[in-house]
Amino acid sequence: MCDQTFLAATFGPCDSCGKASPLMNIYVKNEPINYCSFCVEMMACQGLQSGETLTSLKKESENLKKKLEEERGKLTDVELHQVAEKVEAVAALSIKTRRVLKGHGNKVLCVDWCKDKRRVVSSSQDGKIIVWDAFTLNKEHGVTLPCTWVMACAYAPSGCAVACGGLDNKCSVVPLSLDRNENLAAKKKSVAMHTNYVSGCTFTSSDMQLLTSSGDGTCALWDVESGQLLQSFHGHTADVLSLDLAPSETGNTFVSGGCDMKANVWDMRSGQNIQSFDSHVSDINCVKYYPSGDAFASASDDATCRFYDLRADREVAVYQKDSIVFGASSVDFSLSGRLLFAGYNDYTINVWDVLKGNRISILFGHENRVSRVRVSPDGTALCSASWDNTLRIWA
Amino acid sequence: MTSNSNLSNMRRLVEQLKLEASVERIKVSQAAADLQQYCLQNASKDALLVGVPTGSNPFREPRSCAVV
């Protein structure tokens, strides 16, 4: 239960930098001041110690970076695909399109499965959110939002609400009701407020907390009921494009990837950036945890997908081919973690063998770039969303 | 103000790097072995990998065509 205390937060212009953002009301020498969480951290770092100059700090950071590489290199005794040589190769897969969900009027940008393994929610450039029953192709709910480019959508764990966000810089929660005549858009509640577009959102273990990533370079944890900012995560130096929560058994961490080519792992309680990986050479479009929670994969505009192990603290595999030149927009693992499905801007989905590093097959079908791929909670199907206005269910 | 913030940024970077350098790491061989073990343990439950009998996958229900 909630035994943590959070600082009370309000929204408004920061006393120090003037930007409008969620503020932390803190007291310095009994004087109340309202700084945004970024300025609070900056304030904590001010006050130079004697002998420190910009150059000495730069040198120290270079040395530390080198030391980090050395430490990581010391433990690289073998590569993942070498360890996996003795494993049987994956047999030919018989995955085909089983359903095509038509109904969006424009590019479908995001999709998420419900825990009941049959419903999906999708969001599109035309500002609409549709909840589908993937078995029957029935459209169960449709909500029109006042903004276009709804880049993020997520199903609540209870299945009773969906969250969505995009160019409106907000992430809103819409409760789903069984009454067909009810106007769902009227019950929409704004939870998160960023200073730039919302690129990704996900509920945590309950319907009560929402984690968002934004083009303003931060990620944030919000309380759904009150709209209060519980924690913010600073560290990316450019837009954050994607985030993923660690599978529940392994605790309170999440990974985020962004345009600064870095993937960062964060501790949700302290807001601390625990680990950082920067081997990609272009924007990271998507990050996804391995089912065991000990590793994660990332998809990038540099046409590669990479696999990082958290306990070894390094990249352990790169999934690339000379014939693949288009950026990868999205990745997801199959239930056992053996298969990695990656959607690319060349309209295909490539299926990679995670352990051996080779491509097993290519899924053709979409007529425009694939924006998101998601495996269902029980691993029986894959749902892909595309700029060709449709979603496909593969099984 | 800019020089001050550059300094603060550098200090934060140095603190962050110190934190990252002190993370406890394990050998890649052990990490890889654990990943492999997880895959193999769960492979039988993975419908997309091994396929399930046609009846039990709701998306692959056998559809019969009636010739009129």
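A salt bridge here is a side-chain nitrogen of Lys or Arg within 4 Å of a carboxyl oxygen of Asp or Glu. This is a predicted model: local features need pLDDT of at least 70, side-chain atom pairs count only at pLDDT 80 or more, and totals for chains, interfaces and linings use all residues. Residues are numbered from 1 along each chain as its sequence is written, chains are lettered from A in the order in which they are written, and side-chain values use heavy atoms, with hydrogens and water left out.

**View 1. Salt bridges between chain A and chain B.** The two chains share three salt bridges. One of the pairs in this class is B:Lys18 with A:Glu60, with 3.6 Å between the closest N and O atoms. Helix α2 of chain A (residues 54–74) gives the largest share of the side of chain A that touches chain B, ten residues. Helices are DSSP runs of H or I, at least four residues; strands are runs of E, at least two; both are numbered from the N terminus.

**View 2. The contact surface of chains A and B.** Contact (heavy atoms within 4.5 Å) links 71 residues of chain A to 45 residues of chain B. About 5200 Å² is buried between the chains, 67% of it on carbon and sulfur atoms. Buried area is the accessible area (1.4 Å probe) that two parts lose on being put together, summed over both.

**View 3. A salt bridge within helix α2 of chain A.** A:Glu71 and A:Lys74 join in a salt bridge, 3.2 Å from N to O. They lie three residues apart in the helix, so about one helical turn separates them. Over all chains, the count is 16 salt bridges.

View 4. Strands β7 (residues 128–133) and β8 (residues 138–144) of chain A pair in the antiparallel sense over six bridges. Pairing requires at least two DSSP bridges between two strands. A:Lys128 stands opposite A:Thr144 in β8(A). Four residues lie between the strands of this hairpin. In the turn, A:Leu137 has a positive phi of about 65°.
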